[in-house]
Amino acid sequence: MASLFTHALVAASLGTAARAEWRKDARFWFAAIVCSMLPDIDVIGFGFGIRYGDLWGHRGMTHSLLFAALIAVPWAVRLQETARRRVLLALLLWVITISHGLLDALTDGGLGVAFFSPFETRRYFFPWRPLHVSPIGMGSFFTARGLRVLESEIVWVWLPVLVATAVFWAWRAWRSSRSSPVPEGQEPAVTARAESDLLN
């Protein structure tokens, strides 16, 4: 798997695409971060004898597109009141949850990701896999191997994500400046000029 730090970073970046009022709500950010990390809840199955390649094994059902929807929809229903906003928020949280499996499919170890589980249990990797697979367990992460994993994620995920987020924010600020209302005190002058043109 990719590290939980990287999953959370991608969630935060995708969360910047949310509506302004959502971004001001701490509950939205909590939901986004939880959705980005929740697929790895399947690791508890190891303690119950569930094998890696089983339906509920690591990178199995909880990394699927269906599981992402089952997680995103209840959050959206809880956080929004109108149907349209619930749909939009559910879609965003679905994408954030799916991002977990997409990152895992870029790693160089373990089994692939069962995106279409339970309908198809085949596991997938992307052809290009630049990320070193992260060890399971926080204790194992803070080792030399964990540092190598973090280095690969900084190069191939963190930097591109931060650059893309900065570009997006710059574009949003530019668009906002172009659509900003007429400053107070200027509108009457514009109106007076328009009336003068009509009279002439």
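Student: Are Arg59 and Asp104 buried or exposed?
Tutor: This is a predicted model, and in it both Arg59 and Asp104 are buried.
Student: What does Arg59 form with Asp104?
Tutor: Arg59 forms a salt bridge with Asp104, and their closest N and O atoms are 3.9 Å apart. Arg59 lies in the loop between α3 and α4 whereas Asp104 belongs to helix α5 (residues 83-104), so the pair ties together parts 45 residues apart in sequence.
Student: Which residues do salt bridges with shared partners join into one network?
Tutor: That network consists of Arg19, Glu21 and Arg85.
Student: How many salt bridges does a search of the whole structure find?
Tutor: The search finds five. Among them is the one between Asp25 and Arg27, with the closest N and O atoms 2.8 Å apart. Another joins Asp54 to Arg51, where that distance is 3.2 Å.
Student: Why does Arg51 count as exposed, and why is Asp54 counted as partly exposed?
Tutor: Arg51 has a relative accessible area of 61% and is therefore exposed, because the cut-off for that class is over 50%. Asp54 is at 24%, so it counts as partly exposed.
Student: Changing topic, what is the secondary structure of the chain?
Tutor: The chain has eight helices and zero strands. Of its 200 residues, 36% count as buried.
Student: Which residues form a nonpolar patch on the surface?
Tutor: Ile41, Ile44 and Phe48 form such a patch, with about 350 Å² of accessible area together. Ile44 sits in the loop between α3 (26-37) and α4 (65-79). At 53% relative accessibility, Ile44 is classed as exposed.
Student: One more residue, then: where does Trp156 lie?
Tutor: Trp156 is part of helix α7, which covers residues 144-178. With a relative accessible area of 44%, Trp156 is partly exposed.
Student: What does Trp156 touch, not counting residues up to four places away in sequence?
Tutor: Leaving those neighbours out, Trp156 touches Trp128, Pro130 and Leu131. Pro130 is 26 residues from Trp156 along the chain, and their C-alpha atoms are separated by 7.1 Å.
Student: What share of contacts between residues at least 6 apart in sequence join residues at least 24 apart?
Tutor: For the chain, that share is 62%.

Terms used. Residues numbered from 1 in each chain as written. Predicted model: local features only at pLDDT ≥ 70, side-chain atom pairs only at ≥ 80, totals over all residues. Heavy atoms only, no water. Helix = DSSP H or I, 4+ residues; strand = E, 2+ residues; numbered from the N terminus. Buried < 20%, exposed > 50% of the residue type's maximum accessible area, 1.4 Å probe, protein only. Contact = heavy atoms within 4.5 Å. Patch = residues over 30% accessible without salt bridge, like charges linked within 9 Å, V, L, I, M, F, W, Y side chains within 5 Å. Areas by Shrake-Rupley, 256 points an atom, 1.4 Å probe, with all protein chains shown as cover. Salt bridge = Lys/Arg side-chain N within 4 Å of Asp/Glu carboxyl O.
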